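Dear colleague,

Please find the structure below, followed by an account of what was found in it. I would be grateful if you would read the two side by side.

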Amino acid sequence: MRPKLRPAAPAFKKKLPGPEMNKKNVTLRTGSVSKTYGANPVLSNIDLQLNAGEWLGILGESGSGKSTLLRILGRFVDADEGNVFFKEEILKPVSGELIPGHESIRLIHQEFELFPNQTVEENIAYSLRFYDADYKREKVAELLSTAGLEYVKNQKAKLLSGGEKQRTAIAKALAEQPDVLLLDEPFAHLDNHNRRVLGDAIEALRKQQKMSCIFVTHESADALAWSDRIAILRNGHIIQIGIPQEVYNQPINSYVAELTGDINWVERGKDKKACFIRPEKIKPTKHPEKSKWQGQVEAIRFHGNHWEIRCANGKEQLSFYRNKLDLEIGQQVFLTYAAKDLRSI
Ligand code: ADP
Ligand code: MG
(Lines give C-alpha, C1' and ligand atoms only; values in the text may rest on other atoms or scores of the structure.)
(Ligands and ions follow the chains in the order given, each with its own letter.)
Protein backbone atom coordinates (compact mmCIF):
# COMPACT_ATOMS: atom_id res chain seq x y z
CA MET A 1 0.00 0.00 0.00
CA ARG A 2 1.27 3.40 -0.90
CA PRO A 3 0.86 5.82 2.03
CA LYS A 4 -0.47 9.32 1.57
CA LEU A 5 1.82 12.21 0.75
CA ARG A 6 2.29 14.48 3.75
CA PRO A 7 2.30 18.03 2.35
CA ALA A 8 0.10 19.24 -0.46
CA ALA A 9 1.28 17.96 -3.80
CA PRO A 10 3.21 20.49 -5.92
CA ALA A 11 1.26 22.38 -8.57
CA PHE A 12 2.45 20.27 -11.50
CA LYS A 13 0.98 17.13 -9.93
CA LYS A 14 -2.49 18.23 -10.95
CA LYS A 15 -4.46 15.83 -13.09
CA LEU A 16 -3.89 16.77 -16.67
CA PRO A 17 -6.91 17.56 -18.84
CA GLY A 18 -7.67 15.58 -21.96
CA PRO A 19 -10.14 13.19 -23.55
CA GLU A 20 -10.85 9.93 -21.73
CA MET A 21 -10.64 7.05 -24.16
CA ASN A 22 -10.99 3.39 -23.56
CA LYS A 23 -7.43 2.26 -24.19
CA LYS A 24 -6.73 0.86 -20.75
CA ASN A 25 -3.70 -1.14 -21.64
CA VAL A 26 -1.73 1.70 -23.19
CA THR A 27 0.34 3.84 -20.83
CA LEU A 28 2.15 6.11 -23.23
CA ARG A 29 1.38 6.81 -26.86
CA THR A 30 2.59 9.23 -29.49
CA GLY A 31 0.49 10.41 -32.39
CA SER A 32 2.58 11.58 -35.39
CA VAL A 33 5.20 13.33 -33.30
CA SER A 34 7.67 15.43 -35.30
CA LYS A 35 10.50 17.69 -34.21
CA THR A 36 12.86 19.95 -36.14
CA TYR A 37 15.90 21.81 -34.84
CA GLY A 38 16.64 24.69 -37.20
CA ALA A 39 16.49 23.21 -40.67
CA ASN A 40 17.27 19.77 -39.32
CA PRO A 41 14.29 17.36 -39.04
CA VAL A 42 15.16 15.22 -36.02
CA LEU A 43 11.96 13.20 -35.61
CA SER A 44 9.33 12.52 -38.29
CA ASN A 45 5.83 11.21 -37.64
CA ILE A 46 6.66 9.00 -34.69
CA ASP A 47 3.79 6.68 -33.81
CA LEU A 48 4.62 4.55 -30.79
CA GLN A 49 2.56 2.77 -28.22
CA LEU A 50 3.81 1.53 -24.85
CA ASN A 51 1.63 -1.10 -23.25
CA ALA A 52 1.24 -1.48 -19.48
CA GLY A 53 4.15 -3.46 -18.04
CA GLU A 54 5.97 -3.49 -21.36
CA TRP A 55 9.67 -2.80 -21.96
CA LEU A 56 10.13 -1.14 -25.30
CA GLY A 57 13.69 -0.81 -26.58
CA ILE A 58 14.48 1.86 -29.14
CA LEU A 59 17.53 0.93 -31.16
CA GLY A 60 19.23 3.54 -33.31
CA GLU A 61 22.62 4.88 -34.23
CA SER A 62 24.06 7.97 -32.65
CA GLY A 63 22.23 11.06 -33.90
CA SER A 64 19.09 9.13 -34.92
CA GLY A 65 16.96 11.15 -32.49
CA LYS A 66 16.71 8.79 -29.50
CA SER A 67 17.41 11.33 -26.75
CA THR A 68 15.16 13.93 -28.36
CA LEU A 69 12.31 11.40 -28.45
CA LEU A 70 12.79 10.53 -24.77
CA ARG A 71 12.87 14.22 -23.82
CA ILE A 72 9.56 14.75 -25.62
CA LEU A 73 8.03 11.67 -23.93
CA GLY A 74 9.34 12.80 -20.53
CA ARG A 75 7.85 16.24 -21.08
CA PHE A 76 11.12 18.14 -21.11
CA VAL A 77 10.82 19.33 -24.71
CA ASP A 78 7.74 19.98 -26.84
CA ALA A 79 7.16 18.30 -30.17
CA ASP A 80 6.58 20.66 -33.10
CA GLU A 81 3.74 18.50 -34.35
CA GLY A 82 1.72 15.62 -32.96
CA ASN A 83 0.80 14.71 -29.42
CA VAL A 84 1.94 12.51 -26.57
CA PHE A 85 -0.76 10.76 -24.58
CA PHE A 86 -0.33 9.39 -21.06
CA LYS A 87 -3.16 6.94 -20.37
CA GLU A 88 -4.92 8.62 -23.27
CA GLU A 89 -4.67 12.10 -21.80
CA ILE A 90 -2.80 14.58 -23.97
CA LEU A 91 0.33 15.91 -22.28
CA LYS A 92 0.16 19.67 -22.02
CA PRO A 93 3.00 21.62 -23.66
CA VAL A 94 5.91 22.08 -21.31
CA SER A 95 6.96 25.47 -22.69
CA GLY A 96 5.99 28.31 -20.40
CA GLU A 97 5.83 26.05 -17.35
CA LEU A 98 8.20 26.34 -14.44
CA ILE A 99 8.55 22.64 -13.83
CA PRO A 100 9.10 20.27 -16.75
CA GLY A 101 8.43 16.55 -16.45
CA HIS A 102 5.37 14.55 -15.44
CA GLU A 103 4.55 13.00 -12.11
CA SER A 104 4.03 9.50 -13.52
CA ILE A 105 6.86 9.51 -16.05
CA ARG A 106 10.51 9.52 -14.98
CA LEU A 107 13.30 10.22 -17.43
CA ILE A 108 16.84 9.25 -16.51
CA HIS A 109 19.11 11.33 -18.72
CA GLN A 110 22.41 10.18 -20.17
CA GLU A 111 24.08 12.41 -17.57
CA PHE A 112 22.27 11.29 -14.42
CA GLU A 113 21.10 14.00 -12.10
CA LEU A 114 22.29 12.78 -8.74
CA PHE A 115 23.25 15.07 -5.87
CA PRO A 116 27.03 14.62 -6.04
CA ASN A 117 27.73 15.42 -2.39
CA GLN A 118 24.97 13.27 -0.98
CA THR A 119 25.26 9.56 -0.36
CA VAL A 120 23.54 6.87 -2.38
CA GLU A 121 21.06 6.38 0.46
CA GLU A 122 20.34 10.12 0.72
CA ASN A 123 19.85 10.41 -3.03
CA ILE A 124 17.25 7.64 -3.03
CA ALA A 125 15.60 8.93 0.16
CA TYR A 126 15.22 12.37 -1.44
CA SER A 127 12.61 10.97 -3.80
CA LEU A 128 10.63 9.84 -0.76
CA ARG A 129 10.98 13.04 1.23
CA PHE A 130 7.23 13.63 1.37
CA TYR A 131 6.51 10.19 2.74
CA ASP A 132 6.07 8.87 6.23
CA ALA A 133 9.44 8.07 7.94
CA ASP A 134 8.82 4.34 8.49
CA TYR A 135 7.72 3.81 4.93
CA LYS A 136 10.69 5.82 3.69
CA ARG A 137 13.20 3.73 5.67
CA GLU A 138 11.65 0.49 4.52
CA LYS A 139 11.44 1.54 0.88
CA VAL A 140 15.01 2.87 0.74
CA ALA A 141 16.33 -0.37 2.26
CA GLU A 142 14.35 -2.42 -0.24
CA LEU A 143 15.59 -0.39 -3.21
CA LEU A 144 19.21 -0.48 -2.01
CA SER A 145 18.99 -4.24 -1.75
CA THR A 146 17.25 -4.87 -5.07
CA ALA A 147 19.53 -2.50 -6.99
CA GLY A 148 22.59 -4.12 -5.38
CA LEU A 149 23.70 -0.88 -3.74
CA GLU A 150 23.93 -1.78 -0.05
CA TYR A 151 27.72 -1.85 -0.12
CA VAL A 152 27.93 1.76 -1.33
CA LYS A 153 24.93 3.20 0.48
CA ASN A 154 27.11 5.61 2.49
CA GLN A 155 29.28 6.61 -0.47
CA LYS A 156 28.89 10.08 -1.96
CA ALA A 157 27.37 9.96 -5.42
CA LYS A 158 30.30 11.77 -7.03
CA LEU A 159 32.61 8.92 -5.98
CA LEU A 160 30.57 6.15 -7.60
CA SER A 161 31.49 4.18 -10.72
CA GLY A 162 29.38 4.59 -13.86
CA GLY A 163 27.41 1.42 -13.15
CA GLU A 164 26.74 2.40 -9.53
CA LYS A 165 25.59 5.87 -10.62
CA GLN A 166 23.25 4.34 -13.17
CA ARG A 167 21.78 1.95 -10.57
CA THR A 168 21.39 4.77 -8.03
CA ALA A 169 19.65 6.96 -10.62
CA ILE A 170 17.25 4.12 -11.45
CA ALA A 171 16.58 3.33 -7.77
CA LYS A 172 16.00 7.04 -7.10
CA ALA A 173 13.51 7.25 -9.97
CA LEU A 174 11.75 4.04 -8.94
CA ALA A 175 11.31 5.25 -5.37
CA GLU A 176 8.64 7.53 -6.78
CA GLN A 177 6.84 4.55 -8.30
CA PRO A 178 6.39 6.05 -11.74
CA ASP A 179 4.12 4.34 -14.23
CA VAL A 180 6.67 4.88 -16.96
CA LEU A 181 10.45 4.86 -16.75
CA LEU A 182 12.45 6.37 -19.61
CA LEU A 183 16.11 5.33 -19.73
CA ASP A 184 18.61 7.02 -22.02
CA GLU A 185 21.42 4.58 -22.90
CA PRO A 186 21.40 2.83 -19.50
CA PHE A 187 24.15 0.40 -20.48
CA ALA A 188 26.48 2.90 -22.16
CA HIS A 189 30.03 3.07 -20.85
CA LEU A 190 29.61 -0.01 -18.65
CA ASP A 191 31.98 -2.94 -18.73
CA ASN A 192 30.62 -6.46 -19.12
CA HIS A 193 30.43 -7.20 -15.40
CA ASN A 194 28.58 -3.96 -14.64
CA ARG A 195 26.19 -4.44 -17.55
CA ARG A 196 25.22 -7.74 -16.00
CA VAL A 197 24.86 -6.25 -12.50
CA LEU A 198 22.71 -3.43 -13.88
CA GLY A 199 20.69 -5.86 -15.99
CA ASP A 200 20.03 -8.08 -12.96
CA ALA A 201 19.07 -5.04 -10.86
CA ILE A 202 16.66 -3.79 -13.52
CA GLU A 203 15.15 -7.27 -13.83
CA ALA A 204 14.65 -7.50 -10.05
CA LEU A 205 13.16 -4.01 -9.85
CA ARG A 206 10.97 -4.79 -12.80
CA LYS A 207 9.55 -7.86 -11.06
CA GLN A 208 8.97 -5.91 -7.88
CA GLN A 209 7.24 -2.86 -9.34
CA LYS A 210 4.84 -3.13 -12.18
CA MET A 211 5.79 -0.41 -14.59
CA SER A 212 6.48 0.21 -18.23
CA CYS A 213 9.77 1.33 -19.63
CA ILE A 214 11.18 2.80 -22.79
CA PHE A 215 14.93 2.56 -23.02
CA VAL A 216 17.06 3.74 -25.89
CA THR A 217 20.34 2.23 -26.95
CA HIS A 218 22.72 2.05 -29.89
CA GLU A 219 23.76 -1.50 -28.91
CA SER A 220 21.74 -4.21 -30.62
CA ALA A 221 22.69 -6.85 -28.02
CA ASP A 222 21.15 -4.74 -25.23
CA ALA A 223 18.01 -4.04 -27.24
CA LEU A 224 17.60 -7.73 -28.14
CA ALA A 225 18.17 -8.93 -24.57
CA TRP A 226 16.04 -6.48 -22.61
CA SER A 227 13.09 -5.53 -24.81
CA ASP A 228 9.63 -7.02 -25.08
CA ARG A 229 9.47 -5.14 -28.38
CA ILE A 230 12.10 -3.24 -30.33
CA ALA A 231 11.56 -0.13 -32.42
CA ILE A 232 14.27 0.74 -34.92
CA LEU A 233 14.88 4.47 -35.25
CA ARG A 234 16.75 5.68 -38.32
CA ASN A 235 17.25 9.38 -39.06
CA GLY A 236 14.19 10.25 -37.00
CA HIS A 237 11.91 7.62 -38.57
CA ILE A 238 10.66 4.45 -36.89
CA ILE A 239 11.30 1.95 -39.64
CA GLN A 240 10.38 -1.32 -37.90
CA ILE A 241 8.73 -2.43 -34.67
CA GLY A 242 8.42 -5.99 -33.44
CA ILE A 243 9.44 -8.54 -30.86
CA PRO A 244 13.23 -9.05 -30.80
CA GLN A 245 13.16 -12.40 -32.66
CA GLU A 246 11.02 -10.89 -35.42
CA VAL A 247 13.25 -7.87 -35.94
CA TYR A 248 16.37 -10.04 -35.85
CA ASN A 249 15.08 -12.82 -38.12
CA GLN A 250 12.81 -10.80 -40.40
CA PRO A 251 14.47 -7.39 -40.78
CA ILE A 252 12.61 -5.25 -43.27
CA ASN A 253 15.75 -4.11 -45.03
CA SER A 254 19.52 -4.47 -45.12
CA TYR A 255 19.94 -1.57 -42.68
CA VAL A 256 17.96 -3.35 -39.94
CA ALA A 257 19.67 -6.66 -40.76
CA GLU A 258 23.12 -5.14 -40.27
CA LEU A 259 22.13 -3.07 -37.25
CA THR A 260 20.82 -6.07 -35.34
CA GLY A 261 23.65 -8.57 -35.85
CA ASP A 262 26.28 -10.23 -38.04
CA ILE A 263 25.21 -11.21 -41.53
CA ASN A 264 26.55 -12.76 -44.72
CA TRP A 265 25.47 -11.21 -48.01
CA VAL A 266 25.12 -13.44 -51.07
CA GLU A 267 23.44 -13.11 -54.47
CA ARG A 268 21.02 -15.82 -55.55
CA GLY A 269 18.79 -16.61 -58.51
CA LYS A 270 18.82 -15.56 -62.13
CA ASP A 271 18.38 -11.92 -61.22
CA LYS A 272 21.17 -12.10 -58.60
CA LYS A 273 18.88 -11.05 -55.81
CA ALA A 274 20.66 -9.81 -52.65
CA CYS A 275 20.05 -12.31 -49.86
CA PHE A 276 21.39 -12.52 -46.35
CA ILE A 277 21.97 -15.31 -43.87
CA ARG A 278 23.02 -15.06 -40.21
CA PRO A 279 26.29 -16.91 -39.43
CA GLU A 280 24.65 -19.07 -36.75
CA LYS A 281 22.32 -20.58 -39.38
CA ILE A 282 25.23 -22.07 -41.32
CA LYS A 283 26.70 -25.46 -40.39
CA PRO A 284 29.57 -27.47 -41.85
CA THR A 285 28.72 -30.94 -43.10
CA LYS A 286 30.88 -34.00 -43.77
CA HIS A 287 28.72 -34.94 -46.75
CA PRO A 288 29.64 -32.91 -49.86
CA GLU A 289 26.50 -34.12 -51.66
CA LYS A 290 24.34 -32.49 -48.96
CA SER A 291 26.19 -29.16 -48.94
CA LYS A 292 24.94 -25.95 -50.48
CA TRP A 293 28.29 -24.19 -50.56
CA GLN A 294 31.92 -25.11 -50.54
CA GLY A 295 35.10 -23.16 -50.04
CA GLN A 296 38.23 -22.84 -47.94
CA VAL A 297 38.71 -21.54 -44.43
CA GLU A 298 40.28 -18.12 -44.83
CA ALA A 299 40.35 -16.74 -41.28
CA ILE A 300 39.56 -17.89 -37.76
CA ARG A 301 38.68 -15.47 -34.97
CA PHE A 302 38.19 -16.25 -31.30
CA HIS A 303 35.27 -14.43 -29.61
CA GLY A 304 35.41 -15.99 -26.14
CA ASN A 305 32.22 -18.05 -26.29
CA HIS A 306 32.59 -19.07 -29.94
CA TRP A 307 34.94 -19.17 -32.90
CA GLU A 308 34.11 -17.29 -36.06
CA ILE A 309 35.18 -19.18 -39.18
CA ARG A 310 35.39 -17.11 -42.34
CA CYS A 311 35.42 -19.04 -45.62
CA ALA A 312 35.82 -17.98 -49.25
CA ASN A 313 35.54 -19.67 -52.63
CA GLY A 314 36.65 -17.02 -55.09
CA LYS A 315 33.09 -15.77 -55.61
CA GLU A 316 31.68 -15.34 -52.12
CA GLN A 317 32.60 -15.17 -48.46
CA LEU A 318 30.59 -16.88 -45.71
CA SER A 319 31.18 -16.75 -41.96
CA PHE A 320 29.78 -19.17 -39.44
CA TYR A 321 30.33 -19.98 -35.76
CA ARG A 322 31.78 -23.02 -34.00
CA ASN A 323 31.77 -23.80 -30.30
CA LYS A 324 35.04 -25.69 -30.60
CA LEU A 325 37.96 -25.23 -32.92
CA ASP A 326 37.90 -28.26 -35.24
CA LEU A 327 38.91 -26.50 -38.48
CA GLU A 328 42.10 -24.90 -39.71
CA ILE A 329 43.06 -22.22 -42.19
CA GLY A 330 43.16 -23.48 -45.78
CA GLN A 331 40.92 -26.49 -45.01
CA GLN A 332 38.19 -27.37 -47.51
CA VAL A 333 34.69 -27.00 -45.97
CA PHE A 334 31.23 -28.00 -47.09
CA LEU A 335 28.48 -25.82 -45.68
CA THR A 336 24.77 -26.24 -45.41
CA TYR A 337 21.80 -24.22 -44.21
CA ALA A 338 18.01 -24.34 -44.31
CA ALA A 339 16.50 -22.65 -47.36
CA LYS A 340 14.22 -20.58 -45.11
CA ASP A 341 17.23 -18.99 -43.39
CA LEU A 342 18.50 -17.47 -46.62
CA ARG A 343 16.37 -14.37 -46.84
CA SER A 344 16.00 -11.96 -49.68
CA ILE A 345 15.38 -8.32 -48.94
P1 ADP B 1 20.71 10.36 -30.30
O2 ADP B 1 20.29 10.42 -28.86
O3 ADP B 1 20.05 9.26 -31.08
O4 ADP B 1 22.19 10.35 -30.47
P5 ADP B 1 19.72 13.10 -30.38
O6 ADP B 1 18.26 13.06 -30.15
O7 ADP B 1 20.58 13.51 -29.25
O8 ADP B 1 20.19 11.71 -31.02
O9 ADP B 1 20.02 14.09 -31.59
C10 ADP B 1 19.43 13.94 -32.85
C11 ADP B 1 19.81 15.12 -33.72
O12 ADP B 1 19.24 16.32 -33.21
C13 ADP B 1 21.30 15.38 -33.79
O14 ADP B 1 21.62 15.77 -35.10
C15 ADP B 1 21.50 16.52 -32.81
O16 ADP B 1 22.61 17.29 -33.18
C17 ADP B 1 20.20 17.29 -32.93
N18 ADP B 1 19.83 17.99 -31.68
C19 ADP B 1 19.50 17.38 -30.53
N20 ADP B 1 19.18 18.29 -29.58
C21 ADP B 1 19.34 19.51 -30.15
C22 ADP B 1 19.16 20.86 -29.72
N23 ADP B 1 18.76 21.13 -28.47
N24 ADP B 1 19.40 21.84 -30.59
C25 ADP B 1 19.79 21.58 -31.87
N26 ADP B 1 19.98 20.34 -32.35
C27 ADP B 1 19.75 19.31 -31.51
MG1 MG C 1 21.40 10.25 -27.12
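**The six-stranded sheet**

Six strands form an open sheet in the order S7-S8-S9-S4-S10-S11, and their pairing is mixed. Strands here are DSSP runs of E with at least two residues, helices are runs of H or I with at least four residues, and both are numbered from the N terminus. Two strands pair if DSSP finds at least two bridges between them. Strand S7 (105–108) and strand S11 (237–242) are at the edges with a single partner strand each, so one side of each has no neighbour in the sheet. From one strand to the next, the twist averages 15°.

Within this sheet, strand S4 (residues 55–59) pairs with strand S9 (residues 212–217) in the parallel sense, over five bridges. Trp55 has Cys213 in S9 as its bridge partner. Helix H4 (residues 162–174) packs on the sheet, where it touches S7 and strand S8 (180–184). The direction of H4 makes about 170° with that of S7; axes are lines fitted to C-alpha atoms, for helices over the stretch in contact, and angles run from 0 to 180 degrees between N-to-C directions.

**How the model was treated**

This is a predicted model, in which local features need pLDDT of at least 70 and side-chain atom pairs count only at pLDDT 80 or more, while totals for chains, interfaces and linings use all residues. Residues are numbered from 1 along each chain as its sequence is written, chains are lettered from A and ligands numbered from 1 in the order in which they are written, and side-chain values use heavy atoms, with hydrogens and water left out.

**The five-stranded sheet**

A further open sheet has five strands in the order S14-S18-S15-S16-S17, with antiparallel pairing. Strand S14 (283–284) and strand S17 (317–322) are its edges; each has a single partner strand, so one side of each is left without a neighbour in the sheet. Strand S15 (residues 293–302) and strand S18 (residues 332–336) pair in the antiparallel sense over four bridges. Gln296 stands opposite Gln332 in S18.

**The protein as a whole**

The protein contains eight helices and 19 strands. Its C-alpha atoms fill a box of roughly 80 × 45 × 35 Å along the principal axes. Of the 345 residues, 46% are buried, that is, under 20% relative accessible area with a 1.4 Å probe, counting protein chains only. Among contacts (heavy atoms within 4.5 Å) with a separation of 6 or more, 64% join residues 24 or more positions apart.

With kind regards

How values were computed: Buried means under 20% relative accessible area, exposed over 50%, partly exposed in between (1.4 Å probe, protein chains only).
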